[in-house]
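Here are a few exercises to work through with the model open in your viewer. Try each one before reading its solution.

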Amino acid sequence: MISNTFRIHLEKSLTNANLLEGSILSINPVSGGSVNQAYEIKSFKKSFFLKVNQQNAFPKMFDKEVLGLNLLRQSSSIAVPKELFKGNFEQQAFLVLEFIKPSEPSKKYWEKFGEGLAELHRNSALNFGLGYDNYNGSLNQVNDYKSDWDSFFIENRLMEQQRQARDKGRLDKEFSDLLELLYPKLNSFFPKESPALLHGDLWSGNYLTKEGMPSFMDPAVYYGHREVDIAMTLLFGGFDKKMYEAYHANFPLEKGWEKRVDILNLYPLMVHVNLFGASYAQRVKSILKYYS
Ligand code: ADP
């Protein structure tokens, strides 16, 4: 809950930043978040979206989120909520974003989603990575630059999650052996492509509908292989068919992309092992066994 003193602090901060006219009418929890507490701040004229966490629990988490949102915004592909205010209050860090009022998807929603995602992926960089770490959920995401995707994926994604799983006691010998067997097989497994700006955590909980059109949220951006985002959309069942059709029409995927989905999804699945427990290890192991 938001204390009265915090509410007063928010009211002052938003008023001084010329964002709020009048007073805050209410601050109500919004469900669905996995890491932070989320709220809708209502005022007479409009609402704001507020995220709060313990200042020292996840250092610079909101700074990284804003950097990611800015990179997505600059790509002029799919809308993202505007950053309005960032601060600290009584050991809590907070971020105020534009509130996206839920709306019905328009008829062209999925087509626009596919076109926008393709447009996002046209944003390229010299290397894979980002030059600074950010977060995937509450986990540190390593983004050290690499000039080739194979090394980036093996070292910064799989080996890094393997290390974290080992530290947490969630990696048994079989799991570890299967991973070690996989690594050499990944050399030249992926078609060579330029690094593409990714959302980085594109599951169905990380987009919203703003005035009928898609809006991204909660990104874990970096420059990576664009099949990462496509694979992630398929991790829990898949998005509307029209999204994939529009994507292909705008930026065709290399042949055989379907066969690379499971390998790419080893990363989010291992993130799940590290965030939510060893119960996800079975799905990881069955993919690894298939490829061993
Ligand atoms: P967390 O970082 O804890 O995962 P989220 O950013 O996912 O939190 O936000 C929690 C919930 O709040 C989401 O499931 C979504 O429904 C809603 N939400 C996120 N951003 C906005 C926004 N800008 N406007 C309105 N609702 C939002």
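**Exercise 1.** At what angle do helix H4 and helix H9 pack, and how many Å apart are their axes?

*Solution.* Keep in mind that this is a predicted model. Start by finding the two helices: H4 covers residues 149-167 and H9 covers residues 266-276. Next, take the axes: the angle comes out at about 20 degrees, and the axes are 9 Å apart. Now classify the angle: under 35 degrees counts as roughly parallel, so H4 is roughly parallel to H9. Last, the handedness: H4 passes H9 in a left-handed crossing.

**Exercise 2.** Which residues in H4 meet which residues in H9?

*Solution.* H4 brings Phe153, Arg157, Leu158, Gln161, Gln162, Gln164 and Ala165. On the H9 side, they meet Leu266, Tyr267, Met270, Val271 and Asn274. Then sort the residues of this contact by type: you get seven nonpolar, four polar and one charged.

**Exercise 3.** Where does Glu90 lie, and what is its phi?

*Solution.* First the location: Glu90 is in the loop that runs between strand E4 (83-89) and strand E5 (92-98). Then the backbone: phi of Glu90 is near 45 degrees, a positive value in a residue other than glycine.

**Exercise 4.** Is Ser188 buried or exposed?

*Solution.* Now check the relative accessible area: Ser188 has 62%. The cut-off for exposed is over 50%, so Ser188 is exposed.

Notes:
Residues are numbered from 1 along each chain as its sequence is written. This is a predicted model: local features need pLDDT of at least 70, side-chain atom pairs count only at pLDDT 80 or more; totals for chains, interfaces and linings use all residues. Side-chain values use heavy atoms; hydrogens and water are left out. Axes are lines fitted to C-alpha atoms, for helices over the stretch in contact, and angles run from 0 to 180 degrees between N-to-C directions. Helices (H or I, at least four residues) and strands (E, at least two) are DSSP runs, numbered from the N terminus. Angles under 35 degrees count as roughly parallel, over 145 as roughly antiparallel, 65 to 115 as roughly perpendicular and the rest as oblique. A crossing is left-handed if the near helix is turned anticlockwise from the far one by less than a right angle, and right-handed if clockwise. Contact means heavy atoms within 4.5 Å. Ala, Val, Leu, Ile, Met, Phe, Trp, Tyr, Cys and Pro count as nonpolar, Asp, Glu, Lys and Arg as charged, and the others, Gly among them, as polar. Buried means under 20% relative accessible area, exposed over 50%, partly exposed in between (1.4 Å probe, protein chains only).
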